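Visitor: I would like to learn how to read a protein model. Please take me through a few features, one at a time.

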Amino acid sequence: MSATLRARAVLFVIVLSGLLAAPLAHARDLYILDAPDDVRPLLERFLPESTVEEDGGDDTGRLGLARRLRRMIPELLATEGYFSPTVDIDFRATPMTVKVIPGKRTEVQQVSIEFRGAITGAEFEARRQQLRTAWSLPVGRPFRQQDWNNAKNQLQEGTAATDFAAARIAESLADIDPETSEAHLSIVIDSGPAFTLGALEIEGLSDYTPELIERFNRIRVGDPYTLNALLSLQSALQSTPYFSAVEVDIDTTTGEHERVPVRVRLSEAKPRRAGFGVGYSSNTGYRAEVTYRDSNIFNRAWQLSSGVRIEQKEQQAFADVFFPPEPDGHRNSVGGLIDRSHIEGLRIDKKSVGVARTHPRGNIETRIGLSMQSETVHPDGGEESHTQALALNWSWTQRAVDNLLNPTSGYVLNVQFGGASKAVLSDANFVRSYGRLVTYWPILKTDVLQVRGEVGYTAAKNRQDVPEDFLFRTGGAQTVRGYSYLSLGVKDADATVGGRYMAVGSVEYTHWMKGNLGIAAFVDAGNAADELKGFDFKLGIGTGVRWRSPAGPLAVDLAYGYDDRRLRLHLSIAIAF
């Protein structure tokens with residue numbers, strides 16, 4: 001290399017080094033914080049930045065910064081119960097050093113909770129004791145300003161939740177002794193009078209009548225006031241397709257407290273909606289769907305839900321009409337369905353009409369229905385057959401989970417019974433029973449263990465005259481992963497048809513990471529058969545990815561079916577129903 005080239009290379013390195021070092025040279029430390037780990041995160045979060053750009057300040061601001069730190073640090077520490085801190089700032093050092101000794105943390109030494117108003121009556125003695133027991137900042141706990149505020153609010157809200165809608169905090173005092181690090185707390189709650197609820201006052205109706213609102217109303221005139229009663233009515237109305245916004249409350253400022261009108265303010269939703277969607281399922285393939293819904297057919301608040309769904313393996317058209325709930329909470333519906341499918345070599349053409357009556361009570365829902373079903377079945381390589389049944393069906397479901405769409409604890413239990421008789425428009429006598437239990441167990445803070453079990457049995461002389469809907473096939477997403485959809489059952493010619501017995505078990509462990517993403521590992525086992533003798537559980541094992549979507553956890557699973565000796569990909573939404 002020539003001398004000229006070497007000189008240019010050296011010059012380039014010097015210039016490049018200067019450019020790379022320039023950002024570091026433009027920043028400097030203003031102060032160094034020396035504080036215990038217990039309080040350091042709080043101070044670092046709220047104190048001024050300890051470094052600035054070189055051009056952003058000069059030494060003339062050091063004194064002002066020191067004064068600001070002396071003022072802010074005690075204020076911040078006081079929110080965590082440190083009322084006698086020592087703050088030592090060495091102004092002469094470069095950068096300044098700020099040493100913080102928080103001192104002894106203040107603890108609650110005494111709590112006084114007093115009541116005024118109607119709650120002081122003898123009949124509310126147990127209520128007063130319950131509120132005192134529920135106080136969330138008891139003696140011995142460290143005093144934090146946020147905990148003090150939360151405890152006061154919880155006491156006031158707890159008092160106001162039942163009977164005393166106008167309850168308020170009349171007095172409150174946190175007496176802090178910095179020398180002894182003790183906090184003496186006192187609060188006085190004025191409950192006001194005991195309220196009772198009156199008739200509904202409804203605003204915002206145009207397309208619907210007040211009688212529709214009354215069908216959802218479980219509040220009786222003269223009932224004691226409870227916030228839960230108002231929220232239950234609001235939730236019931238909001239969950240219908242009739243309204244886009246609902247607000248239910250009472251006016252506590254009028255001076256009246258007996259039979260106070262319940263105000264229901266509504267915004268009606270558009271009654272008619274059409275939709276179109278496309279999608280894919282690992283069970284039935286690609287899908288296109290058109291739906292039409294009308295919440296007010298014949299101007300009677302009857303709800304029509306109809307649609308046409310075309311999938312690679314199944315096509316159906318349906319229409320259901322749901323009537324407004326009865327005064328006792330029951331809800332009736334009628335519907336019809338045309339369905340064609342060709343899955344695992346079994347071609348089914350089905351037509352059915354039916355009526356149903358549903359009754360929700362808290363987290364329990366019961367349903368009884370009567371359906372007339374006609375079915376033509378043609379297994380590949382086998383003979384075509386026709387069956388019909390007038391079947392009575394009953395189901396009972398309890399959803400005792402912490403979150404319906406993303407459960408982490410609790411269980412969902414479903415029990416079904418159904419049957420038909422040759423004496424009444426049916427080709428066979430049969431009784432079908434089915435049960436499903438899914439339990440969720442929180443593990444550590446981020447993981448969930450899910451255990452699922454299903455059993456089914458159809459009591460019949462044989463399966464030939466029983467419609468496929470009342471027999472059992474399994475396999476696929478949300479059943480036995482690692483096997484094709486409905487591939488586990490009874491072999492008939494070149495097809496898999498339903499059997500009279502079914503059993504499935506599954507264990508799944510999900511680790512949720514930061515955000516909405518999780519990973520899962522699972523083991524599934526199950527099968528369906530026409531006889532118990534020789535019942536053979538098919539095993540599937542795999543892993544998958546979970547994403548908490550607004551509709552529930554979206555599951556993408558890769559499973560290995562030991563009997564088929566192959567891997568399969570399954571897609572599903574794991575809703576707790």
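Guide: What follows goes from the whole chain to a pocket and then to some backbone details. This is a predicted model, where local features need pLDDT of at least 70 and side-chain atom pairs count only at pLDDT 80 or more, while totals for chains, interfaces and linings use all residues. Residues are numbered from 1 along each chain as its sequence is written, and side-chain values use heavy atoms, with hydrogens and water left out.

Visitor: How many helices and strands are there in the protein chain?

Guide: Helices (H or I, at least four residues) and strands (E, at least two) are DSSP runs, numbered from the N terminus. The protein chain has seven helices and 29 strands.

Visitor: What is the radius of gyration of the protein chain?

Guide: The radius of gyration is taken over C-alpha atoms, and the globule rule is 2.2 Å times the number of residues to the power 0.38. For a compact globule of 577 residues the value would be near 25 Å, but this chain has 34 Å. Its C-alpha atoms fill a box of roughly 100 × 100 × 50 Å along the principal axes.

Visitor: Which residues line the second largest pocket nearest its centre?

Guide: Of its 40 lining residues, Phe-216, Ser-239, Arg-331, Pro-360 and Glu-365 lie nearest the centre. Elements that each supply at least two lining residues include helix H7 (227-238) and strand E18 (364-379).

Visitor: Where is Asp-163, and is this residue buried or exposed?

Guide: Buried means under 20% relative accessible area, exposed over 50%, partly exposed in between (1.4 Å probe, protein chains only). Asp-163 lies in the loop between helix H5 (145-160) and strand E7 (168-177). At a relative accessible area of 13%, Asp-163 is buried. Its phi is near 75 degrees, a positive value in a residue other than glycine.

Visitor: What is the phi of Ala-301?

Guide: Ala-301 has a positive phi of about 60 degrees, although it is not a glycine. Ala-301 is buried, with a relative accessible area of 6%.

Notes: On a 1 Å grid over the protein atoms alone, a cavity is a set of points where a 1.4 Å probe fits but cannot get out, and a pocket is an open set with protein on both sides within 12 Å along at least five of seven lines; lining residues have an atom within 4 Å of a point.
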